[in-house]
Amino acid sequence: NAYLTMLLDTGCLHCDPHPGNLLRTKDGQLCILDWGMTQEVDTDIQYALVEYIAHINSKNYAEIPQDFVNMGFLPADKKDLVEKS
């Protein structure tokens, strides 16, 4: 949850999320280590990710090709190919 919260709240994507990069401090706080591989994610991509997750959770699969376009994974002119598959 920490990595997802960080991505959606701050727009920071930690590109190496594994248990070895997590530390529990003496006061019980979560400390994320190894900031060498991070990427800033634009607000429009953050919203597109939230919409994608909502469509998956609600089983609204017809919207997923547009989600792929909104996230930059699919060119808009190829959306119909995904919709037909």
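## Lys79 and Glu83 in helix H4

Helix H4 spans residues 79–84 and contains both Lys79 and Glu83, which are 4 residues apart, about one turn of the helix. In this predicted model, Lys79 and Glu83 form a salt bridge, with 3.7 Å between the closest N and O atoms. Side chains of opposite charge can pair when their charged atoms come close.

Lys79 has a relative accessibility of 21% and therefore counts as partly exposed. Glu83 also counts as partly exposed, because its relative accessibility is 44%.

## Asp80 and Lys84 in helix H4

The structure holds 2 salt bridges. Besides the pair described above, the side chains of Asp80 and Lys84 meet in a salt bridge, at 4.0 Å from N to O. Because Asp80 and Lys84 are 4 residues apart in helix H4, about one helical turn separates them.

Lys84 counts as exposed, with 69% relative accessibility, whereas Asp80, at 33%, counts as partly exposed.

## Contact of helices H1 and H2

Two packed helices are described by the angle between their axes and the distance between the axes. For helix H1 (residues 2–10) and helix H2 (residues 43–57), the axes come within 8 Å and cross at roughly 130 degrees. H1 and H2 are therefore oblique to each other.

On the H1 side, the contact involves Leu7, Leu8, Asp9 and Thr10, which meet Gln46, Leu49 and Val50 of H2. By class, the residues of this contact comprise 4 nonpolar, 2 polar and 1 charged.

Definitions and conventions. Residues are numbered from 1 along each chain as its sequence is written. This is a predicted model: local features need pLDDT of at least 70, side-chain atom pairs count only at pLDDT 80 or more; totals for chains, interfaces and linings use all residues. Side-chain values use heavy atoms; hydrogens and water are left out. Helices (H or I, at least four residues) and strands (E, at least two) are DSSP runs, numbered from the N terminus. Buried means under 20% relative accessible area, exposed over 50%, partly exposed in between (1.4 Å probe, protein chains only). Axes are lines fitted to C-alpha atoms, for helices over the stretch in contact, and angles run from 0 to 180 degrees between N-to-C directions. Angles under 35 degrees count as roughly parallel, over 145 as roughly antiparallel, 65 to 115 as roughly perpendicular and the rest as oblique. Contact means heavy atoms within 4.5 Å. Ala, Val, Leu, Ile, Met, Phe, Trp, Tyr, Cys and Pro count as nonpolar, Asp, Glu, Lys and Arg as charged, and the others, Gly among them, as polar.
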